[in-house]
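Dear colleague,

I am handing over the structure we spoke about, with notes on what was found in it. Please read the notes with the structure open beside them.

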Amino acid sequence: MLSSQLQQLRSVLRELDRALIAYSGGVDSALVAKVAYDVLGDRALAVTAESPSLPAEDLEAAKVQAQHIGIAHRIVQTHELENPSYSTNPVNRCYFCKSELYDTLKPLGLDWGYPYVIDGVNADDLQDYRPGIQAAKERGTRSPLAEVGMTKLEVRALSQSLGLPWWNKPAQPCLSSRFPYGESITPEKLQQVAQAERYLKQRGYSILRVRSDGGTARIELPPQDIPHFLSTISRTELVATFKALGFLYVTLDLEGFRSGKLNQGLSP
């Protein structure tokens, strides 16, 4: 199955001939970058968008992964926070994020000689609430993984079989996803959340979210990690650190981490 999907993926990319990959450094876009480089060589280019919603360590990881793959890698600036349709954080916020991204990448790709822009959207993403996918489609972006029907689990399995060391890397959506819809987003708030999550990652928790709701930090961890967290973390230090970052209250979500949790209140 994986071999068949890899051949299909290679075929799609070969037909494009020259492609710019919207490359975040996540498992999905990294797989697209890897296969595109294997098929197209210097006719493939990975481009990462740098903005306040991308943690600094994620940008550095994207650089390291691109170097490991061997693909040419460029970094461009995007300015989605300057758009009130994004910064006011409506339920379709991601539409405006991806609009900014692909309105930036498409003309750059044409200027640099890459007529196609492709992304890392997989087949599972098409079943989720992803308004950014519509923005990408409107701008002619191709999604090779989705086109060949590859799910997230299959992306990880194929990445592992190709020897990519980050095949099991946790999903890391942009920092703006930490805020409930309707709460405005600023560079300062994004940095606050980034530093809070960095504090916990440095203590060994790789899968987590720090959701910011008003002045409250709500920590989400996988349910199996909660007992260890409660028995080992210094509550006094944790609270003092988060308050120093600007949070008024610090809480632990006893339900545990679940990707896309802030979408649960949306109408189906």
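Is Asn89 buried or exposed? Asn89 is buried, because its relative accessible area is 0%, where buried means under 20% relative accessible area, exposed over 50%, and partly exposed in between, with a 1.4 Å probe and protein chains only. Asn89 sits in the loop between helix 4 (84-87) and helix 5 (93-112), and its phi is positive, near 65 degrees, although the residue is not a glycine.

Before going further, please note that this is a predicted model, in which local features need pLDDT of at least 70 and side-chain atom pairs count only at pLDDT 80 or more, while totals for chains, interfaces and linings use all residues. Residues are numbered from 1 along each chain as its sequence is written, and side-chain values use heavy atoms, with hydrogens and water left out.

A positive phi, of about 75 degrees, is also found at Asp17, which is not a glycine either. Asp17 lies in the loop between helix 1 and strand 1 (19-22), where helices (H or I, at least four residues) and strands (E, at least two) are DSSP runs numbered from the N terminus. Asp17 counts as partly exposed, because its relative accessibility is 37%.

Next, the helix packing. Helix 1 (residues 2-16) and helix 8 (residues 152-161) pack with their axes 11 Å apart and at an angle of about 90 degrees; the axes are lines fitted to C-alpha atoms, for helices over the stretch in contact, and the angles run from 0 to 180 degrees between N-to-C directions. Helix 1 is therefore roughly perpendicular to helix 8, a term that covers angles of 65 to 115 degrees. From helix 1, Leu2, Gln5 and Leu6 meet Glu154, Ala157 and Leu158 of helix 8, contact being heavy atoms within 4.5 Å. By class, this contact has four nonpolar residues, one polar and one charged. Within helix 8, the buried residues are Glu154, Val155, Arg156, Leu158 and Ser159, and what covers them includes helix 1, helix 2 (27-40) and helix 7 (144-147). After helix 8 comes Gly163, with a positive phi near 80 degrees.

In the loop between helix 8 and helix 9 (187-201) is Ser177, which counts as buried because its relative accessibility is 16%. The side chain of Ser177 reaches the backbone oxygen of Cys174 at 2.7 Å. Ser177 is also 10.0 Å from Val210, C-alpha to C-alpha, with the two 33 residues apart in sequence.

As for the cysteines, a search of the whole structure finds zero disulfides, a disulfide being a pair of cysteine sulfur atoms within 2.5 Å. The cysteine sulfur closest to that of Cys94 is in Cys174, 5.9 Å away, which is too far for a bond. Cys174 is in no disulfide, and the nearest cysteine sulfur to it, that of Cys97, is 5.5 Å away. Cys94 is partly exposed, with a relative accessible area of 28%, and Cys174 counts as partly exposed at 25% relative accessibility.

Lastly, Arg139 lies in the loop between helix 6 (131-138) and helix 7 and counts as buried, because its relative accessibility is 19%. A polar atom of the Arg139 side chain lies 3.0 Å from the backbone oxygen of Ala135. Leaving out residues up to four places away in sequence, Arg139 touches Tyr95, Ser99, Tyr102, Asp103 and Lys106.

Methods:
Parallel < 35°, antiparallel > 145°, perpendicular 65-115°, else oblique. Nonpolar A, V, L, I, M, F, W, Y, C, P; charged D, E, K, R; others polar. Polar contact = N/O pair within 3.5 Å; in protein donor to acceptor, adjacent residues only side chain to side chain.
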